[in-house]
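Colleague: I would like to learn how to read a helix and a ligand site in a model. Can we go through one together?

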Amino acid sequence: MSTKRLDELNAILANAECLVTQQQLNVALDSMAEAITKDLQDKLPIVVCVMNGGLLPTGALMQRLSFPLEIDYVHATRYGMEFEGDKLEWIKFPQVDFEGRTVLVVDDIFDQGHTLEAIIHWFENNGAKEVYTAAVVNKLHDRKVEMRPDYLGLDVEDKFLFGYGMDYQGFFRNLQGIYAINQ
Ligand SMILES: O=P(O)(O)OC[C@H]1O[C@H](OP(=O)(O)OP(=O)(O)O)[C@H](O)[C@@H]1O
C-alpha cells in the first residue's frame, strides 16, 4: 500500500475528535461486566463475539468475567467497506452447540440495531434457550430498531465513529479510544 494511503490515514486520526477515552471505556466495561456477572454467572453461557467489531470488546469483557463460560464467534456484517446498508451477510456461523443454552452476543456498537436484532433472531430460531446482547457504544439517534441490548456501555453522538472495534475503511479497529471523523 502506498505512503499516500498511510499519510491519508494518519491525517484522519490526527484531525479526529476523541469522543471516548480509554479510561472512560474501562469504567463502562467494568460496569457492564458487573451487570453481566450478576445475571449470567450461574448460567454457563456461551459468549459470542460478532466479528470483526466485537473482537476488542469481547476480549475486554472476558478479562473481567471470572465465572464458567464458553467462547465462540460469528461473523456477520451489514456494512462491509460501505458506510450504509441494511442486509446482513453471514460469513461464519457458530461452532459450539448452543441448543438449550444461554447465549451472550457481544458487539462494538449498537447503531441502528439491525445486526444484533438479526443475530438474536437467528440464535432463537435455531434453539438457544435465551439470548442476551451487549454493545460498548450506543449511537444516539432515532433510526433504531425496537430492541435494546441488555448491556450498553456509553452513549455517543450521531457521527461516524472509529476505534475500539469500529473501523474507518478497514483501519483503526485497534485504537484504545473512540473517535469521530472531522471532515
Ligand atoms: O447496529 P447496526 O446499525 O446494525 O450496526 C452495528 C454493526 O455494524 C458494524 O459491523 P459491520 O457490519 O460494519 O462489520 P464489522 O464488524 O466487520 O465492521 C458493527 O461492528 C456492528 O456489528
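Modeller: Start with contact, which means heavy atoms within 4.5 Å. Helices (H or I, at least four residues) and strands (E, at least two) are DSSP runs, numbered from the N terminus. This is a predicted model: local features need pLDDT of at least 70, side-chain atom pairs count only at pLDDT 80 or more, and totals for chains, interfaces and linings use all residues. Residues are numbered from 1 along each chain as its sequence is written, and side-chain values use heavy atoms, leaving out hydrogens and water.

Colleague: Which residues of H2 are buried?

Modeller: Buried means under 20% relative accessible area, exposed over 50%, partly exposed in between (1.4 Å probe, protein chains only). In H2 the buried residues are Leu25, Ala28, Leu29, Met32, Ala33, Ile36 and Leu40. Down the helix axis they fall within an arc of 140° (taken from the directions from the axis to the C-beta atoms), so they line one face of H2. The face turned away from that side carries the exposed residues Gln23, Val27, Glu34 and Lys38.

Colleague: What covers the buried residues of H2?

Modeller: The cover includes helix H3 (55–62) and strands E1 (17–20), E5 (102–110), E6 (130–139), E7 (151–156) and E9 (178–180).

Colleague: Which backbone atoms lie by an oxygen atom of the ligand?

Modeller: A polar contact is a pair of N or O atoms within 3.5 Å; within protein, one must be able to donate a hydrogen and the other to accept it, and residues adjacent in sequence count only if both atoms are side-chain atoms. A backbone N or O atom of Gly53 lies 2.9 Å from a ligand oxygen, and one of Asp111 also lies 2.9 Å from a ligand oxygen.
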